[in-house]
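Here's a quick tour of a structure for you to follow along with. Keep the picture open while you read.

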Amino acid sequence: MAQTFPPSPEIESPDKWEAQMRKGCLEMAVLASLWHGRLYGLEILRVLERDSSLVLAEGTIYPILNRLRTDGLVQSQWVEAEAGHPRKYYLLTLAGRERVTRMAETWTQFSAGLGNLIDPVLRDRNMEQPK
Amino acid sequence: MTSESQANDYLARLHAALTGMTVSEREDIVEEIRMHIRERLSDPQCSLDSVLAGLGPADELAQQYRTGLLVQRAQNSRSPFVILRAALRWATTGIEGFIVFTIALIGYATGVCFLLLALMKPFFPANAGLWVGPDQFAFNFRMGATMTNPNPPVHEVLGWWLIPVCLVIGSLSLVLTTKLIQFLFRRFRWKLPFAAATPTRPAMMAL
């Protein structure tokens with residue numbers, strides 16, 4: 001007989017593990033958002049939200065971009081925009097492209113391997129859901 | 001307070017809190033945040049209060065910049081002071097940081113003690129030494145009982161060799177502590193507080 005589990009409050013609210021997992025992939029997500037070309041801070045936030053459902057506090061993205069810039073993974077440039085005020089654009093450096101490529105390869109291998117392991121968990125869980 | 005003066009006040013507090021950076025770095029950061037506020041306010045449905053709430057308090061925003069810079073400097077620095085400062089900042093965020101800071105403190109204190117013992121040997125040759133006896137094996141500085149008159153049967157065994165031995169052990173302690181803490185910074189970088197964030201709105205994947 002399949003074991004059933006009572007709903008856990010940890011499932012309903014993001015716990016520490018989940019927050020740390022997301023934090024761990026934040027650098028990759030920001031670098032990946034710049035893969036197709038330069039973007040400014042607010043655009044990066046919108047791309048992350050649109051393409052990956054990652055919603056960052058607005059004050060979070062700029063210190064991360066600043067650190068990536070001083071790490072040499074992105075470079076920045078002020079550009080006079082049509083909006084009437086300048087914007088600070090970020091673009092990947094060669095080192096940044098190499099870093100995000102390696103990260104993407106690692107992530108894909110890791111998630112594929114883990115997927116094999118957790119597929120039965122989700123499948124059995126779905127079968128137990130009341131109809 | 002008008003919207004403009006409220007925004008200027010926020011930016012002035014941010015500028016003041018960005019300590020430890022060059023003037024051009026500070027101005028670049030403040031200018032970027034100023035343009036962010038202006039860009040967001042170009043949406044008529046967006047209020048200044050909501051934009052500033054999204055950015056978080058100026059002090060906390062500056063702290064994220066400072067922490068990122070501090071940790072990065074610590075990763076590339078050989079200065080125990082820079083590394084200890086970064087470890088101390090990490091220690092304020094949780095138990096892991098506290099453990100790392102404690103390791104750094106013990107490692108550096110050990111190194112400094114050995115170096116001090118080596119420096120004291122020429123001035124106090126009878127007091128500084130490696131003292132051996134029943135239940136005792138210790139590098140230290142002994143007052144009272146001396147090399148020529150130890151509490152029997154405790155005696156000093158290294159003589160002048162204490163200086164090179166302590167110099168080597170002290171230097172190794174400093175270098176290995178630095179390497180270990182820098183390794184921990186790289187290893188657990190994603191746990192460091194510069195990525196800490198507060199969700200601005202409810203969302204499944206809010207960070």
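Read from the N terminus, the elements go α-α-β-α-α-β-β-α.

A word on the ground rules: this is a predicted model, where local features need pLDDT of at least 70 and side-chain atom pairs count only at pLDDT 80 or more, while totals for chains, interfaces and linings use all residues. Residues are numbered from 1 along each chain as its sequence is written, and chains are lettered from A and ligands numbered from 1 in the order in which they are written.

How much of chain A is buried? Of its 131 residues, 28% count as buried. (Buried means 20 or more other C-beta atoms within 10 Å of a residue's own, exposed means 12 or fewer, and partly exposed is in between; C-beta atoms are placed from the backbone.)

Now look at helix α5 of chain A, residues 94-128. With 35 residues, α5(A) reaches 49 Å from its first C-alpha to its last, close to the expected 51 Å (1.5 Å times one less than its number of residues). α5(A) also bends by about 40° at Leu117(A), with Pro120(A) following within four residues. That bend is the angle between axes fitted to the seven residues ending there and the seven starting there.

Why does α5(A) lie largely in the open? Because the number of buried residues is 3 of its 35. Those are Gly96(A), Arg99(A) and Val100(A), and the buried residues pack against α2 (16-33), β2 (74-80) and β3 (86-92) of chain A. (Contact means C-beta atoms, placed from the backbone, within 7 Å.)

Next, the sheets. Strands pair if DSSP finds at least two bridges between them.

| Chain | Strands | Order | Pairing |
|---|---|---|---|
| A | 3 strands, open sheet | β1-β3-β2 | antiparallel |
| B | 3 strands, open sheet | β2-β1-β3 | antiparallel |

In chain A, β1 (39-40) and β2 stand at the edges with a single partner strand each, so one side of each has no neighbour in the sheet. β1(A) and β3(A) are joined by 2 bridges, and Leu39(A) has Tyr90(A) as its bridge partner in β3(A).

Over in chain B, the edge strands are β2 (136-141) and β3 (155-156). Strand β1 (residues 128-133) of chain B pairs with β2(B) over 6 bridges, and Gly133(B) has Gln136(B) as its bridge partner in β2(B).

Key:
Two residues are in contact if their C-beta atoms, placed from the backbone, lie within 7 Å.
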